[in-house]
Amino acid sequence: MKPLICYALAAIFISGCSSLENFKSTVEAHIFQDSKGIYIVKSGDSIWSIALQNNLDPQQIILNNNLTKPYIIIPNQKLSLLYASQNDVLPTPQKKITWQSPLKASKKPSKEGKYWLIYKEDIGRKIYAVGAGRVVISGPDIPGYGNLIMISHPNGFISLYAHCKKINVEVGDFVEAGMEIAEVGSSEASFSMLKFQLRKNGAPVNTSTLRFR
């Protein structure tokens, strides 16, 4: 008997019929998400939060599921995802790009894993767009990132600026490289910081390949 079936039977006998529906949903979510590239929407999810969690381009989720503006999704809805594991990150881009620094840092940023830069700066320090693009998220839309700005750049790049205080741009705004977009804050963070990441076609770019001017 397969392990998953054993777990299912054991859970049913232990917890009784009242929890059967919850257990079924949990197992179904696990099966679909892992083996069929299907994501089951949870309360509080958005297209952007799902894309961020699964290292995907949000536009691909939209196209896969024939979604139209304003891209409303509901709990228990099944979304088709292109499979991408946490290890499906991009190597050094073929063409090296030099980006505008996201802020004039007083000290060198630290790294969180391979894909985030942490700038431990005072609240209120100005944050700048690393390149020209259009704002696709502005505000506390994705839990865990505080006031977040996400900018879509040409050639599949997306830049993320998390835990901001004051935000100076709105969704749909076009920004130029070096334009002031926010201030360092501590929203949903234990200290004031800018948490920065760059992505290419949904996958995070290794910070060791980033070049700033």
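User: Which residue stands opposite Lys 195 in strand 12?

Analyst: This is a predicted model. Ile 118 stands opposite Lys 195. The two residues belong to a pairing in which strand 5 (residues 116–119) and strand 12 run antiparallel over three bridges.

User: How many bridges join strand 9 to strand 12?

Analyst: Six bridges join these antiparallel strands. Within strand 12, Gln 197 has Leu 160 opposite.

User: What is found in the hairpin of strand 12 and strand 13?

Analyst: Strand 12 also pairs with strand 13 (residues 203–204), antiparallel and over two bridges. Lys 200 has Ala 203 of strand 13 as its bridge partner. Two residues lie between the strands of this hairpin, and Asn 201 takes a positive phi near 50° there.

User: Why is strand 12 described as largely enclosed by the rest of the structure?

Analyst: A residue counts as buried under 20% relative accessible area. Six of the seven residues of strand 12 (residues 194–200) are buried, so the strand is largely enclosed by the rest of the structure.

User: Which residues are closest to the centre of the largest pocket?

Analyst: Rolling a probe the size of a water molecule over the atoms shows where empty space is left. Here the largest pocket holds about 500 Å³ of space. Its lining has 21 residues, of which Trp 48, Gln 59, Ile 62, Tyr 71 and Val 136 are the closest to the centre. By class, 12 lining residues are nonpolar, five polar and four charged.

User: Which element gives the most to that lining?

Analyst: Helix 4 does, with three residues. Helix 3 (47–53), strand 7 (133–139) and strand 9 (157–167) are among the elements that each supply at least two.

Key: Residues are numbered from 1 along each chain as its sequence is written. This is a predicted model: local features need pLDDT of at least 70, side-chain atom pairs count only at pLDDT 80 or more; totals for chains, interfaces and linings use all residues. Side-chain values use heavy atoms; hydrogens and water are left out. On a 1 Å grid over the protein atoms alone, a cavity is a set of points where a 1.4 Å probe fits but cannot get out, and a pocket is an open set with protein on both sides within 12 Å along at least five of seven lines; lining residues have an atom within 4 Å of a point. Grid points are joined across faces, edges and corners, and a volume is the space filled by probe spheres set on the points. Helices (H or I, at least four residues) and strands (E, at least two) are DSSP runs, numbered from the N terminus. Ala, Val, Leu, Ile, Met, Phe, Trp, Tyr, Cys and Pro count as nonpolar, Asp, Glu, Lys and Arg as charged, and the others, Gly among them, as polar. Buried means under 20% relative accessible area, exposed over 50%, partly exposed in between (1.4 Å probe, protein chains only). Two strands pair if DSSP finds at least two bridges between them.
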